[in-house]
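Subject: Structure for your review

Dear colleague,

Please find below the sequence and the structure that I am handing over to you. My findings follow directly after them.

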Amino acid sequence: MRSDAGRYAVYNFGEINGRADTVVFSHWSPDRELVRSKMLYATFRADFRDALGGVAVDIQATDVEEASRETVLARVS
């Protein structure tokens, strides 16, 4: 798989601030990703996320900083 391809990720942070099962859905779409690939990932993103149910935070990241643990925790809190 190419390193510049988009990805989806789902992670359960567990309990945060009294909130049990804090589920984070992340869509990784780097700037260098091919336009066609970006469009395909974006097209199915909402349907995939909605099918999961219980997603507390939805993050779309284009660089490492936007996908960092600290950034995610700041959005969850």
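In what follows, two residues are in contact when heavy atoms of theirs lie within 4.5 Å. The model is a predicted one.

By that criterion, and leaving out residues up to four places away in sequence, valine 24 touches Ala9, Val10, Tyr11, Phe13, Val57, Ile59, Val72 and Val76. Several of these names return in the largest nonpolar core, whose six residues are Phe13, Val24, Val57, Ile59, Val72 and Val76. Strand 3 and helix 2 (69–76) are the elements that give two or more residues to this core.

The three strands form an open sheet in the order 1-2-3, and the pairing is mixed. Strand 1 and strand 3 stand at the edges with a single partner strand each, so one side of each has no neighbour in the sheet. From one strand to the next, the twist averages 15°.

The two pairings may be taken in turn. Strand 1 (residues 7–12) pairs with strand 2 in the antiparallel sense, over six bridges. Here alanine 9 has serine 26 of strand 2 as its bridge partner. Strand 2 and strand 3 also pair over six bridges, but in the parallel sense. On that side, the bridge partner of serine 26 is isoleucine 59 in strand 3.

Why can strand 2 be called largely enclosed by the rest of the structure? Five of the six residues of strand 2 (residues 23–28) are buried, and it is therefore largely enclosed. The cut-off for buried is under 20% relative accessible area. Helix 2 lies across strand 2 and strand 3, and runs at about 140° to strand 3.

Aspartate 58

Aspartate 58 belongs to strand 3 (residues 55–61). Its side chain makes polar contacts with two arginine side chains: that of arginine 45, at 2.8 Å, and that of arginine 49, at 2.4 Å. Not counting residues up to four places away in sequence, aspartate 58 touches Phe25, Arg45, Arg49 and Arg75. As background, side chains in a regular strand alternate between the two faces of the sheet.

The side chains of serine 37 and glutamate 33 are joined by a polar contact of 2.7 Å. Serine 37 and alanine 5 are 32 residues apart in sequence, and their C-alpha atoms are 7.3 Å apart in space.

Aspartate 4 is located in the segment before strand 1. Neighbours within four places in sequence aside, aspartate 4 is in contact with Pro30, Arg32 and Glu33. From aspartate 4 to phenylalanine 44 the separation is 40 residues in sequence and 18 Å in space, C-alpha to C-alpha.

With kind regards

Notes
Residues are numbered from 1 along each chain as its sequence is written. This is a predicted model: local features need pLDDT of at least 70, side-chain atom pairs count only at pLDDT 80 or more; totals for chains, interfaces and linings use all residues. Side-chain values use heavy atoms; hydrogens and water are left out. Helices (H or I, at least four residues) and strands (E, at least two) are DSSP runs, numbered from the N terminus. A polar contact is a pair of N or O atoms within 3.5 Å; within protein, one must be able to donate a hydrogen and the other to accept it, and residues adjacent in sequence count only if both atoms are side-chain atoms. Buried means under 20% relative accessible area, exposed over 50%, partly exposed in between (1.4 Å probe, protein chains only). Two strands pair if DSSP finds at least two bridges between them. A nonpolar core is a set of buried Ala, Val, Leu, Ile, Met, Phe, Trp, Tyr and Cys residues joined through side-chain atoms within 4.5 Å. Axes are lines fitted to C-alpha atoms, for helices over the stretch in contact, and angles run from 0 to 180 degrees between N-to-C directions.
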